[in-house]
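Please look over the sequence and the 3D structure below before reading on. The report that comes after them is meant to be read with the model open beside it.

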Amino acid sequence: MNEKVNTYLESLKVWQKELTLLREIALNSNLEEDFKWRNPCYIHENKNIFLLFKFKNFCGISFFKGALLKDKSNLLVQQTENMQLVRQLRFENIDDIIKNENLIKAYISEAVEVEKSKIKIKTKKVSDFKFPEELKQIFNENEEFEKAFYSLTPGRQKGYLLYFESAKQSKTKIARIKKYEQRIFNGKGINDCVCGLSKKMPNCDGSHKFIKNN
């Protein structure tokens, strides 16, 4: 048992019982325990298998290669369109976990076998994503902005492309690009923390909403 995970669980005001039970299930699955990205992480032979996580309305297990699981019970959730591999098992209360304990163990076991098999899934490249014409035009007008965009990691580029292109109207796409222009210059992704207060760095956890204006 990892001491950092002990401290993390003891500090929780919500989801403590649920995550403690999920931790017990994980440890009984003969996985090594660590604390990464501010969450309990479970590992097999130095390979990350899943994280335990919590949000306002649910908690659960986030499988790093969940897209490769068969998911016969159709329980896995793709958190966002940009998450190509990660899939979540979500629970709203401890009874959900108790009732599905054997099923949870089966998902964990399969996730370990997937990691052992070294099966890989072909993920989309940046070039596979639709590129908004509005962004191309802005690149033509601002070469430094174009360089900043392509200096981002592929995952961050994909996140922006998905968000910009999802707008139906051209003026909305342009407004979105302009809104995130400085963030892109700063090397930040669309979901990255920019206030420095997030407990889930580099991801934003909403801490900026509680900054008081002087």
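**The chain as a whole**

This is a predicted model, and the protein chain in it has nine helices and five strands. Read along the sequence, these elements follow the pattern α-α-β-β-β-β-β-α-α-α-α-α-α-α. Of the 214 residues in the protein chain, 39% count as buried. Among the contacts in the chain with a separation of 6 or more, 55% are accounted for by residues 24 or more positions apart. The accessible surface of the protein chain comes to about 13,500 Å², and carbon and sulfur atoms hold 47% of that area.

An α-helix has 3.6 residues a turn, so residues three or four places apart point the same way.

In H5, which spans residues 133-141, the buried residues are Glu134, Leu135, Ile138 and Phe139. These residues lie on the same side of H5, because they cover an arc of only 140° around the axis. The face turned away from that buried side carries the exposed residues Glu133 and Asn140, while the buried residues of H5 pack against H6, H7 and H8.

In H6, which spans residues 143-151, Phe145, Ala148 and Phe149 are buried. They cover an arc of only 100° around the axis, and therefore they sit on the same side of H6. Glu143 and Ser151 are exposed on the face of H6 turned away from its buried side. The buried residues of H6 are covered by elements including H5, helix H7 (154-165), helix H8 (170-179) and helix H9 (181-185). At the start of H6, a side-chain oxygen of Asn142 comes to within 3.3 Å of the backbone nitrogen of Glu144.

**A closer look at Phe145**

If its neighbours within four places in sequence are left aside, Phe145 is in contact with Leu135, Ile138, Phe139, Ile177, Glu181, Ile184 and Phe185. Three residues of that list, Leu135, Ile138 and Phe139, are also among the buried residues of H5.

**Asp128 in a loop**

Asp128 is found in the loop between helix H4 (101-117) and helix H5 (133-141). Its relative accessible area is 49%, and Asp128 is therefore partly exposed.

| Pair of residues | Separation along the chain | C-alpha distance |
|---|---|---|
| Asp128 and Lys158 | 30 residues | 9.4 Å |
| Phe145 and Glu181 | 36 residues | 7.5 Å |

**A cavity**

How many cavities of 30 Å³ or more does the structure hold? The structure holds one of that kind, and the volume of the largest cavity is about 70 Å³. The residues that line the largest cavity are Asn48, Ile49, Phe63, Phe64, Lys65, Gly66, Leu69, Ala111, Val114 and Glu115. Strand S3 (47-54) and H4 are the elements that give two or more residues to this lining. With three residues, H4 gives the most to the lining of the largest cavity.

Note on methods:
Residues are numbered from 1 along each chain as its sequence is written. This is a predicted model: local features need pLDDT of at least 70, side-chain atom pairs count only at pLDDT 80 or more; totals for chains, interfaces and linings use all residues. Side-chain values use heavy atoms; hydrogens and water are left out. Helices (H or I, at least four residues) and strands (E, at least two) are DSSP runs, numbered from the N terminus. Buried means under 20% relative accessible area, exposed over 50%, partly exposed in between (1.4 Å probe, protein chains only). Contact means heavy atoms within 4.5 Å. Accessible areas come from the Shrake-Rupley method with a 1.4 Å probe; for residues, only the protein chains shown count as cover. The arc is that of the directions from the helix axis to the C-beta atoms. A polar contact is a pair of N or O atoms within 3.5 Å; within protein, one must be able to donate a hydrogen and the other to accept it, and residues adjacent in sequence count only if both atoms are side-chain atoms. On a 1 Å grid over the protein atoms alone, a cavity is a set of points where a 1.4 Å probe fits but cannot get out, and a pocket is an open set with protein on both sides within 12 Å along at least five of seven lines; lining residues have an atom within 4 Å of a point. Grid points are joined across faces, edges and corners, and a volume is the space filled by probe spheres set on the points.
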